[in-house]
Amino acid sequence: MLLVELFTQGLVQGSIYALIALGLTLVYGLLRILHVAHAAFFTLGAYVGILVCNASGSLILGFAAAMAIAGCAGVITYRLAYQPLLDKPPFVALIASIGLYIASEEAFRVFFGAQGISFVDPPLQQQLLLFGTIRLKMAELLVMIGSLAIIFVLSRLQNGTRLGLACQATVSDPQMAESFGISLRLVRDLNFFVGSALAAFAGVWVALLNNLVEPTMGSVPSYKALAIIVLGGLGSVRGTLAAALVLGVVEAYGTIYLGKLLDRNAIAFAFLILVLMVRPQGLFSRR
Amino acid sequence: MNYEISLMTTMAISVLFALSLNLITGFCGQISLGHAAFLGVGAYLAAMLAKAGVPFLATLPLAMLLAGAVGTVVGLTSLRVRADFLAITTMGVGFLFVGIVRQREWLGGELGIAGITGSNMSKLGFMLFTVLCAILVMALCVYLRRSWMGRVFNGIAEDEDTMRVLGINVPRYKLAAFAIGTALAGLTGALYAYHFQYIGPDSFGFVESITVLSMVVVGGIGSVVGVTVAAALLSALPAWFQFIGDYKLLVYGSLLFLMIRFVPDGMAGLVRRHLFKRRAEGGSK
């Protein structure tokens, strides 16, 4: 039964990774920027969610506020930090992003305190028993369903609406898209908004699962999400989803069976280096 | 006086470490986000050897050798992946190093290694030795940059494909940059172990890699003098100002962001532009 339980835990972790990594993939596909600071919106979302939920008593309001505020913060970050660096070599934006992330982590510490905050009355903590064997928290089940649903809806929007098609056109050829009357500005802002809002969504879920929000909660997911989008073949939504779930499961098993050899974070990166050496274009890329 | 001597040693170690990264990232344009791992390799080897009774001067070349060997292996990845992929891979190497060391009982695990025997030199002597190393490495960097190899490095940093078309064996030079840079980081690591007499896995993590990268960026990527000055200043600032000591990462992170956003060529670039402007004005009169 341990195998099945590890598998479900892996899927729960994987769907959180997927939510975070999706925003990164959107940004990378559009601008070729490795957006490390993305995890700052994950942490920001968790803080806003927990504070609003504690103040109002409504979890839904907490989610809405977290996603709206993180989304706007994402757009502002893009305008101030990345837009002026677009014509520089890619590592310039990467370094800027790392600086931004480290500074923001410390800023969270200064504003909200180092010891972290929790829910006054944590919702969705009921234990469920699925198929008679799998024990899950309500929140764990919902995060899996929620992330899959969101990713499904997003991919439908991307293929079925004018704006979604405009985004895809901008990814494949920005200049051509612009000459067909697509506003690059709008598409980029929208991407940062959606990506950051998704990270905030994931942040509130993690806050629910651990019932704790700390300034440093984003640091490990941020670097791991980078590993995931690379594994997923940069810029591909479906590849990212698959890579996130695979990594979640590999980690869950690895921690038990390889725990003596490597710690949890090292397993993810060992897997990443291995894959990159064999397939430099990523695990699921068709290139 | 003891405090100043210790601070000066720390500064010299930072300068050495920053120069070693500058060789890889600045000269050859290969970005590395896991450079602290090589500092760690050198430090751990030196600590183990020192505990086994190997004399100080003998551990230094061994630390260089091992770190350089590991660095060359990591450098092999730079032949396979480029630019931002390489950044992620080297970052992974950093996490891998810390992850492995953490789980090794004989390397001290989480607790690290304490009570490393000193170098048999007086504090002042050790400081002078470290400063001498830093000066020698500076000279080596200046020499390298002017040599044939340095020009090839520069060419690879500017445009790798063109160098390939010109018939340059690009992989060999990339590996050379990694080998020299990481060997110097290993040397620095050994000095680090002898100076602090305590090492643990957290001293060589991602934060350390980013700190050294911010030194290189603030100084001016590729500039020997700029990087030296920046490394010395940035390592001394937290000791001079209590405020900066408390919010070290906030200051480093913001500096890294602001420098690369507004002055991507660092202090060296600022000074150079300023000087040239003056000279140009002087010439037109």
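A residue is buried if 20 or more other C-beta atoms lie within 10 Å of its own, exposed if 12 or fewer, and partly exposed in between, with C-beta atoms placed from the backbone. By that rule, the buried residues of helix α12 of chain B are Val251(B), Tyr252(B), Gly253(B), Leu256(B), Phe257(B), Met259(B), Ile260(B) and Arg261(B). This is a predicted model, in which local features need pLDDT of at least 70, side-chain atom pairs count only at pLDDT 80 or more, and totals for chains, interfaces and linings use all residues. Residues are numbered from 1 along each chain as its sequence is written, while chains are lettered from A and ligands numbered from 1 in the order in which they are written.

**Confidence**

- The model scores ipTM 0.77 and pTM 0.83.
- Chain B averages a pLDDT of 86, and 96% of its residues score at least 70. Here pLDDT is the predictor's confidence in each residue, from 0 to 100.
- Where pLDDT is low, the predicted coordinates should not be read in detail.

**Chain A as a whole**

- Chain A has 11 helices and two strands. Helices (H or I, at least four residues) and strands (E, at least two) are DSSP runs, numbered from the N terminus.
- Along the sequence, the pattern is α-α-α-α-β-β-α-α-α-α-α-α-α.
- The radius of gyration of chain A is 19 Å, close to the 19 Å that the globule rule gives for 287 residues, so chain A is as compact as a globular protein of that length. This radius is taken over C-alpha atoms, and the rule is 2.2 Å times the number of residues to the power 0.38.
- The C-alpha atoms of chain A fill a box of roughly 55 × 50 × 35 Å along the principal axes.
- Of its 287 residues, 53% count as buried.
- Take the contacts in chain A between residues at least 6 apart in sequence: 76% join residues at least 24 apart. Two residues are in contact if their C-beta atoms, placed from the backbone, lie within 7 Å.

**Chain B as a whole**

- Chain B has 13 helices and two strands.
- Its radius of gyration is 19 Å, close to the 19 Å from the globule rule for 285 residues, so chain B is as compact as a globular protein of that length.
- The C-alpha trace of chain B spans about 65 × 45 × 30 Å along its principal axes.
- Of the 285 residues of chain B, 51% count as buried.
- Among contacts in chain B with a separation of 6 or more, 81% come from residues 24 or more positions apart.

- Helix α12 (residues 248–262) has 15 residues and reaches 21 Å from its first C-alpha to its last, close to the expected 21 Å. The expected span is 1.5 Å times one less than the number of residues.
- Helix α10 (residues 224–240) of chain B has 17 residues and reaches 24 Å, close to the 24 Å expected.
- The buried residues of α10(B) include Val224(B), Val227(B), Ala231(B) and Leu234(B).

**The nonpolar core**

- The largest nonpolar core has 193 residues, of which Ala70(A) and Ala200(A) touch the most other members. Such a core is a set of buried Ala, Val, Leu, Ile, Met, Phe, Trp, Tyr and Cys residues joined through C-beta atoms within 7 Å.
- Helix α8 (residues 184–210) of chain A gives the most to this core, with 16 residues.
- Leaving aside neighbours within four places in sequence, Ala200(A) is in contact with Phe41(A), Phe42(A), Leu44(A), Gly45(A), Ala66(A), Met67(A) and Ala70(A).

**Where the chains meet**

- 34 residues of chain A are in contact with 34 residues of chain B.
- On chain A's side, α4 (90–112), α9 (219–231) and α11 (264–278) each supply at least two residues.
- α4(A) gives the most to that side, with 13 residues.
- By class, the side of chain A that touches chain B has 28 nonpolar, two polar and four charged residues. Ala, Val, Leu, Ile, Met, Phe, Trp, Tyr, Cys and Pro count as nonpolar, Asp, Glu, Lys and Arg as charged, and the others, Gly among them, as polar.

**Single residues**

- Arg32(A) lies in the loop between α1 (2–31) and α2 (38–56) of chain A. Arg32(A) has a positive phi of about 60 degrees although it is not a glycine.
- Gln197(B) sits in the loop between α8 (170–196) and β2 (198–199) of chain B. Its phi is also positive, near 55 degrees.
- Arg135(A) is in strand β2 (residues 134–137) of chain A. With 12 C-beta neighbours inside 10 Å, Arg135(A) counts as exposed.
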